[in-house]
Amino acid sequence: MEPKATTIIIFSIVTSLSSLPSLMAAASSSNKTTYITAVFGFGDSTIDTGNNNYLPTNNRAVHPPYGIDFPTHIPNGRVSNGKLAIDFIASSLAHKIYMLPYLDPKLTDHDLLTGACFASAGSGLDPLTGMFDNVLNVSTQLDLFDEALRRIERLVGDGKARFIVENALFFFSVGTNDLLNNFYNVPIRTSEFTISGYQDFLLHKLEYAIKRLYSKGARRFALSSLGPIGCLPLQVSLFSKKLERRCVEQQNNDSIAYNRKLRLLASRLETQGARVVYCDAYNLTLDFINNPAKYGEKFD
């Protein structure tokens, strides 16, 4: 994904998190309000803060123009010109200036007390996604969180660790690569699933991931929707008619259908005891594409 496209999605996610205060209520029966103790991120390039730099993969953002607007002004593994959504979330909660990737050797046990990012560019919910790129799928990211939790418990004890997890924000931004790599561009899943069936398959994987974290004490979640996949430059190039440069309407409609199901999943999880924010990365991104001047941009 190109830096500009990723930045638009990041802006959309951060704007959607205006409802973040609804997650501030404590998960305990006391109903007392408490702060968000930490932020943990899971997903793909939209929130990977550099984990792929420490993996044997070619899927790395290690060349210009990546990082040109980051505080260091150099490529750092983020698929963006600057900070990612999870960086802004962490800094807005006064936890960190920006989020360290879990695989960074400089990440200390003390750093983990306020969160870390487990996301991996090119990954997805489907085990097939990124399999040959040596990236971390969501299941592996959860394994790393289990390892991180053990580190936290050794540092502060089980009780304090439980408090941190119960009052942390668990942020998921994932799904685009699954559709791109397994359904649209390399249709290896089309013999098994309709598009609706594949969406259900992915959402079942996401629900399992959330429930796995819930079993560890997690109670607060933010779920980013899909953006308008049909407007990604790659999709426009592959699927537009000759000499046309238009968003692929059917793929955008598929994103809308997936997001509708994601909202229903968020509502269902709420009834089971979780606190969930749905982050709309679709409508604001599409508005940015259609009305760039409104956001101070001009596209040729």
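A crossing of two helices is called left-handed if the near helix is turned anticlockwise from the far one by less than a right angle, and right-handed if clockwise. By this convention, helices α7 and α9 make a right-handed crossing. The structure is a predicted model, in which local features need pLDDT of at least 70 and side-chain atom pairs count only at pLDDT 80 or more, while totals for chains, interfaces and linings use all residues. Residues are numbered from 1 along each chain as its sequence is written, and side-chain values use heavy atoms, with hydrogens and water left out.

The protein has 10 helices and 5 strands, taken as DSSP runs numbered from the N terminus (helices H or I, at least four residues; strands E, at least two). Of its 300 residues, 54% are buried, where buried means under 20% relative accessible area, exposed over 50% and partly exposed in between (1.4 Å probe, protein chains only). Among contacts (heavy atoms within 4.5 Å) with a separation of 6 or more, 71% join residues 24 or more positions apart.

To return to the helix pair, the axes of α7 (residues 195–215) and α9 (residues 249–271) come within 10 Å and cross at roughly 35 degrees. Axes here are lines fitted to C-alpha atoms, for helices over the stretch in contact, with angles running from 0 to 180 degrees between N-to-C directions. Residues of α7 including Leu202, Leu203 and Leu206 meet residues of α9, among them Leu262, Leu265 and Leu269. The residues of this contact divide into 10 nonpolar, 2 polar and 5 charged; Ala, Val, Leu, Ile, Met, Phe, Trp, Tyr, Cys and Pro count as nonpolar, Asp, Glu, Lys and Arg as charged, and the others, Gly among them, as polar.

Helix α5 (residues 158–166) buries Ala161, Ile164 and Val165. Seen down the axis of α5, these residues fall within an arc of 95 degrees, so they line one face of the helix; the arc is that of the directions from the helix axis to the C-beta atoms. Their cover includes α4 (138–156) and β3 (169–173). Gln141 has its place in α4 and is buried, with a relative accessible area of 0%. Beyond its neighbours within four places in sequence, Gln141 contacts residues including Phe42, Phe118 and Leu136.

The loops hold some backbone details too. The peptide bond from Pro64 to Pro65 is cis, with omega near 10 degrees, and Pro65 sits in the loop between β1 (39–43) and α2 (85–92). His73 lies in the loop between β1 and α2 and, although not a glycine, has a positive phi of about 65 degrees; at 54% relative accessibility, His73 counts as exposed.
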